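Thanks for making the time this morning.

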Amino acid sequence: MSWDRGPRRPRRFGKQALIAASATALSLTASGCVVVHGEREVLPSATRAEAAKALEQFTAAYNAADKAYDTSLDAGHTTGALAAIDSARLKAGRANHPDGNPSHTPLELTDAEFTIPKKAGWPRWFVADAKGNKGGDTRWLLVFTRHGLDETWQAAYLTLVAPGKVPEFRTDADGWAEAVPANSADVATPPGDLSKDYTAYLKDGGQGFADGAHTSAWRELRQKRSKRPGLVTQYIDEPLTNGDYAPLALRTKDGGAAVFFSTRHYEKQTAAQGVSVPTPNEDVLALTDGEIKQSLTMEFVSNQIGLDPADGPVSVVGRVQGLTSAKGE
């Protein structure tokens, strides 16, 4: 199944700084200068104070952008999947409310906990787990990344997870977490393969993922929607694995991994002759190119967190999806 998807929104990959002198720490000894290279040494990705400051700066920028519906106000603090979702949301909001967000309520993130891996090389990254004043009693899990010491921490992933589903991360005696490589073979699915395997599962099913709201229930919902009288709905799912869409994984206490990963999804609604495509809401219309005559194709970016055990199916415990563009024909 394929169709003309129209112009695709450029992906945002963030700054790809070279690992160079800026990534080094310099110490003096009696015999001269000793350079410790951050790209080779296993070091904490950030201090806890730096992580707290990054979350504070992100929240302030997010609130400013949401209040004004202005993408420029938080563009420096988001990247990857979250940037794609957030910038499209703000673009639609500005189109419909050029004077700003009439329903703006400042986001407040409290009770924050930080899980910071000790690792070599770039990107450096960490996870912030906080209670938000939006989204009910869910926990907000944000993954912050940067590619050099002179860069701003940017939030690449945002997932909302029920309190009882938040992963328990393994830490060492000093409280630092363990990053799991993308090609790790000691978990059921290598983190680097999870986006590809998830999109394959959404299409064909299988045994690789545990039943749940973001797996079996989502497949069932899509199957029901595809059979409505007079309206055909088709789906295409694509993995996202490059640049700041790359998966990031942390070791959990049970020996598995918690993996943050991204995907792209297309949904095409085509009406039969004499039947109209359901009229989308104003936010969808604001992101739609072309005139909706017989079909509407919507493009979404989604980011998930999956619990990837040492053996057995992966459980997808949180997912945030957003419309990034649409095309009418």
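Before anything else, one term: a residue is called buried when its relative accessible area is under 20%, and exposed when that value is over 50%. Please also keep in mind that what you see is a predicted model.

Tyr69 lies in the loop between H1 and H2, and its phi is positive, near 50°, although the residue is not a glycine. Asp111, which is not a glycine either, has a positive phi of about 50°, but Asp111 is placed within strand S4, residues 109–115. While we are on the backbone, the peptide bond that runs from Trp122 to Pro123 is cis, with omega near 0°, and Pro123 belongs to the loop between strand S5 (118–119) and strand S6 (124–132).

Let me step back to the whole chain, which holds five helices and 14 strands. Of its 329 residues, 48% are buried, and the chain exposes about 15,400 Å², with carbon and sulfur atoms supplying 51% of that area.

Now to helix H3, residues 194–204, where the buried residues are Leu194, Ser195, Tyr198, Thr199, Tyr201 and Leu202. Why do they sit on the same side of H3? They do so because they cover an arc of only 155° around the axis. On the other side of H3, Lys203 and Asp204 are exposed. The cover over the buried residues of H3 includes helix H4 (216–225) and several strands, among them S9 (231–240) and S13 (295–308). After H3 comes Gly205, with a positive phi near 75°.

Finally, the largest pocket, which has about 540 Å³ of space. It is lined by 27 residues, and the closest to its centre are Ile85, Asp86, Arg89, Asp283 and Gly322. Several elements give two or more residues to this lining, including helix H1 (48–68), strand S8 (154–161) and helix H5 (282–286), while H2 gives the most, with seven residues. By type, the lining divides into 15 nonpolar, six polar and six charged residues.

How values were computed: Residues are numbered from 1 along each chain as its sequence is written. This is a predicted model: local features need pLDDT of at least 70, side-chain atom pairs count only at pLDDT 80 or more; totals for chains, interfaces and linings use all residues. Side-chain values use heavy atoms; hydrogens and water are left out. Helices (H or I, at least four residues) and strands (E, at least two) are DSSP runs, numbered from the N terminus. Buried means under 20% relative accessible area, exposed over 50%, partly exposed in between (1.4 Å probe, protein chains only). Accessible areas come from the Shrake-Rupley method with a 1.4 Å probe; for residues, only the protein chains shown count as cover. The arc is that of the directions from the helix axis to the C-beta atoms. Contact means heavy atoms within 4.5 Å. On a 1 Å grid over the protein atoms alone, a cavity is a set of points where a 1.4 Å probe fits but cannot get out, and a pocket is an open set with protein on both sides within 12 Å along at least five of seven lines; lining residues have an atom within 4 Å of a point. Grid points are joined across faces, edges and corners, and a volume is the space filled by probe spheres set on the points. Ala, Val, Leu, Ile, Met, Phe, Trp, Tyr, Cys and Pro count as nonpolar, Asp, Glu, Lys and Arg as charged, and the others, Gly among them, as polar.
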